[in-house]
Amino acid sequence: IPPAKKNLVIACCVIVSFASSWAMGILPKLKEISSGNRVIILTVIIATAAAILKPVEEKEDKATEEDK
């Protein structure tokens, strides 16, 4: 099962990435950027936004709890 089916945040990131990639391909100044650089820029921006808006909750291991 693809992760986007299990996690709404991932699904939203995928949709935003498709829309952003399309927009960067048609906007005048942004379409001048090479496709590889566009992918890198979008990846950093979308991943950073997702991490800030919906951070992953850390789960503590039972082994570390027992050591305390």
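Reader: Which helix gives the largest share of the lining of the largest pocket?

Author: That share, three residues, comes from α2. This is a predicted model, in which local features need pLDDT of at least 70 and side-chain atom pairs count only at pLDDT 80 or more, while totals for chains, interfaces and linings use all residues. Residues are numbered from 1 along each chain as its sequence is written, and side-chain values use heavy atoms, with hydrogens and water left out.

Reader: What makes a residue part of the lining of the largest pocket?

Author: On a 1 Å grid over the protein atoms alone, a pocket is an open set of points where a 1.4 Å probe fits, with protein on both sides within 12 Å along at least five of seven lines; lining residues have an atom within 4 Å of a point. For the largest pocket, N7, V9, I10, C13, A50, K54, P55, V56, E57 and K59 line it. Its volume, the space filled by probe spheres set on the points, is about 200 Å³.

Reader: How many of the lining residues there are nonpolar?

Author: Six are nonpolar, one is polar and three are charged. Ala, Val, Leu, Ile, Met, Phe, Trp, Tyr, Cys and Pro count as nonpolar, Asp, Glu, Lys and Arg as charged, and the others, Gly among them, as polar.

Reader: Why is α3 called a helix, and how does its span compare with what is expected?

Author: A helix is a DSSP run of H or I with at least four residues, numbered from the N terminus. Helix α3 covers residues 35-53 and has 19 residues, so it meets that definition. The expected span is 1.5 Å times one less than the number of residues. From first C-alpha to last, α3 reaches 27 Å, close to the 27 Å expected.

Reader: Which residues of α3 are buried?

Author: They are R38, L42, I46 and A50, where buried means under 20% relative accessible area and exposed over 50% (1.4 Å probe, protein chains only). Seen down the axis of α3, they fall within an arc of 75 degrees, taken from the directions from the axis to the C-beta atoms, so they line one face of the helix. On the other side, I40 and I52 are exposed.

Reader: Which helix gives the most to the lining of the second largest pocket?

Author: With six residues, α3 does. The second largest pocket holds about 150 Å³ of space, and its lining includes R38, L42 and I46.

Key: Helix = DSSP H or I, 4+ residues; strand = E, 2+ residues; numbered from the N terminus.
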